[in-house]
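Please look over the sequence and the model below before reading on, and keep both in view while you follow the explanation.

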Amino acid sequence: MATVLEDLDGLPDRLRTSAARIADLNQQLYDEVARRNQLIVQAVDEAGLPQRVVAKAAGISAPHLTRVLAAN
């Protein structure tokens with residue numbers, strides 16, 4: 001079993017690893033939200049689906065959907 005000092009010695013490396021993983025996950029989240037927003041625009045503008053249907057399918061509120069459409 002590791003001692004407290006041994007655990008603390010590896011802490012900076014573990015923190016760097018964790019920070020790198022978080023940065024990667026944040027980028028993945030950003031990319032996925034962008035893909036979802038494009039799908040929302042396609043569903044409303046190109047396919048003509050009702051906004052309330054698209055909002056429900058995307059798991060977002062109607063006002064959020066309006067903001068997504070305004071930004072794209």
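Helices, meaning DSSP runs of H or I that span at least four residues, are numbered from the N terminus. With that in mind, we can walk through this structure, which is a predicted model, beginning with helix H2, which takes in residues 11-46.

Because Arg 35 and Glu 32 are three residues apart in helix H2, about one helical turn separates them. Both partners are partly exposed, since the relative accessible area is 47% for Arg 35 and 44% for Glu 32, and partly exposed is the name for values that lie between the buried limit, under 20%, and the exposed limit, over 50%.

The other salt bridge joins Arg 16 to Asp 13, and here the closest N and O atoms are 2.6 Å apart. These two residues also lie in helix H2, where a spacing of three residues corresponds to about one turn of the helix. Arg 16 has a relative accessibility of 53% and therefore counts as exposed, whereas Asp 13, with a relative accessible area of 47%, is partly exposed.

To get a sense of distances in the model, compare Tyr 30 with Ala 19: the two are 11 residues apart in sequence, and their C-alpha atoms are 16 Å apart in space.

We now turn to helix H4, which comprises residues 62-71. Which residues of this helix are buried? Leu 65, Val 68 and Leu 69 are buried there, and because they cover an arc of only 95° around the axis, they are on the same side of H4. Arg 67, Ala 70 and Ala 71, by contrast, are exposed on the other side of H4. It remains to ask what covers the buried residues of H4. The elements that cover them include H2, the helix with which we began, and helix H3, which runs over residues 51-58.

Terms used:
Residues are numbered from 1 along each chain as its sequence is written. This is a predicted model: local features need pLDDT of at least 70, side-chain atom pairs count only at pLDDT 80 or more; totals for chains, interfaces and linings use all residues. Side-chain values use heavy atoms; hydrogens and water are left out. A salt bridge is a side-chain nitrogen of Lys or Arg within 4 Å of a carboxyl oxygen of Asp or Glu. Buried means under 20% relative accessible area, exposed over 50%, partly exposed in between (1.4 Å probe, protein chains only). The arc is that of the directions from the helix axis to the C-beta atoms. Contact means heavy atoms within 4.5 Å.
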